[in-house]
Amino acid sequence: MDLSTYIRNIPNFPKSGVVFKDITPLLKDPKALTLATESLLDFITDAKVDKVVGVDSRGFIFAPLLAQKIGAGFVPVRKSGKLPFDTLSESYDLEYGAETLHIHSDAIEKGDKVLVHDDVLATGGTAKAVCQLVERLGGEVVQCNFLIQLTFLNGADKLKGYPIRSLLQY
């Protein structure tokens, strides 16, 4: 099954010049969703993982599934104003603006092995900010997983030193 056929391009979203990779066709097909989940699980080799961090908002789809399958905890990283407890924050630039992410201050324990998951690796700003939050809390990022990597935006350059895996590349 070619999972790329389940990714829909939406031109000029969220702003002019951006081609948004819509994963909802993949999510609504049970076979494609299962294959994508299993393929993402295959990326997690022998590394011990204590927590899977999912990035607001589409990272919340696969990250809890991965966490449940490998017996790890799930940690949400959210945009401003979405987490109710004490948080750490990290600001970053993305391809069409700026954003700040937050994580609960007690979400990662010192020494936790952490898998970071998001739907798309674009310019790398989001993933780098998440890795920095994990490390500020004392965790160790063992891998960054993505459903899609937009290689032409060179986001992997911002993640040097972290193992990166992506299911689809454009």
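Student: In which kind of crossing, left-handed or right-handed, does α2 pass α3?

Tutor: A crossing is left-handed if the near helix is turned anticlockwise from the far one by less than a right angle, and right-handed if clockwise. Here α2 passes α3 in a right-handed crossing. Helices (H or I, at least four residues) and strands (E, at least two) are DSSP runs, numbered from the N terminus. Before we go on: this is a predicted model, in which local features need pLDDT of at least 70 and side-chain atom pairs count only at pLDDT 80 or more, while totals for chains, interfaces and linings use all residues. Residues are numbered from 1 along each chain as its sequence is written, and side-chain values use heavy atoms, with hydrogens and water left out.

Student: At what angle do α2 and α3 pack, and how far apart are their axes?

Tutor: Axes are lines fitted to C-alpha atoms, for helices over the stretch in contact, and angles run from 0 to 180 degrees between N-to-C directions. For α2 and α3 the angle is about 60 degrees and the axes are 10 Å apart. α2 is therefore oblique to α3; angles under 35 degrees count as roughly parallel, over 145 as roughly antiparallel, 65 to 115 as roughly perpendicular and the rest as oblique.

Student: Which residues make the contact?

Tutor: Contact means heavy atoms within 4.5 Å. α2 contributes L33, A36, T37, L40 and L41, and α3 contributes F62, L65, L66, K69 and I70. By class, the residues of the contact of α2 with α3 are eight nonpolar, one polar and one charged. In this scheme Ala, Val, Leu, Ile, Met, Phe, Trp, Tyr, Cys and Pro count as nonpolar, Asp, Glu, Lys and Arg as charged, and the others, Gly among them, as polar.

Student: How is a nonpolar core read, and which residues touch the most other members of the largest one?

Tutor: In soluble globular proteins, nonpolar side chains tend to be buried together. A nonpolar core is a set of buried Ala, Val, Leu, Ile, Met, Phe, Trp, Tyr and Cys residues joined through side-chain atoms within 4.5 Å. Buried means under 20% relative accessible area, exposed over 50%, partly exposed in between (1.4 Å probe, protein chains only). The largest core has 27 residues, of which L3, L26, L147 and I148 touch the most other members. At least two residues of this core come from each of α2 (30-42), α3 (59-70), β7 (113-121), β8 (140-149) and β9 (164-169). Another core lies apart from it, with 25 residues, including V116, V130, C144 and F146.

Student: What does L147 touch?

Tutor: Leaving out residues up to four places away in sequence, L147 touches I23, A36, L40, F62, H117, D118, D119, S166, L167 and L168.

Student: And L26: buried or exposed?

Tutor: L26 counts as buried because its relative accessibility is 0%. L26 is found in helix α1 (residues 24-28). Under the sequence exclusion of up to four places, L26 touches L3, Y6, I7, A32, L33, A36 and F62.

Student: Where does K160 lie, for contrast?

Tutor: K160 is in the loop between β8 and β9. With 64% relative accessibility, K160 counts as exposed.

Student: Which residues does D112 touch?

Tutor: D112 touches D50, K51, G138, G139 and E140, again not counting residues up to four places away in sequence. D112 sits in the loop between β6 (97-104) and β7 and, at 9% relative accessibility, counts as buried. D112 and G139 are 27 residues apart along the chain, and their C-alpha atoms are separated by 4.7 Å.

Student: Where is there a cis peptide bond, and what is its omega?

Tutor: One joins F13 and P14, with omega about 5 degrees; P14 is in the loop between β1 (8-11) and β2 (19-22). The bond from D56 to S57 is also cis, with omega near 0 degrees, and S57 is in the loop between β3 (51-55) and α3.

Student: What is the phi of N12?

Tutor: The phi of N12 is positive, about 60 degrees, although N12 is not a glycine. N12 lies in the loop between β1 and β2 and is partly exposed, at 48% relative accessible area. N154 likewise has a positive phi of about 60 degrees without being a glycine. N154 is in the loop between β8 and β9, and its 46% relative accessibility makes it partly exposed.
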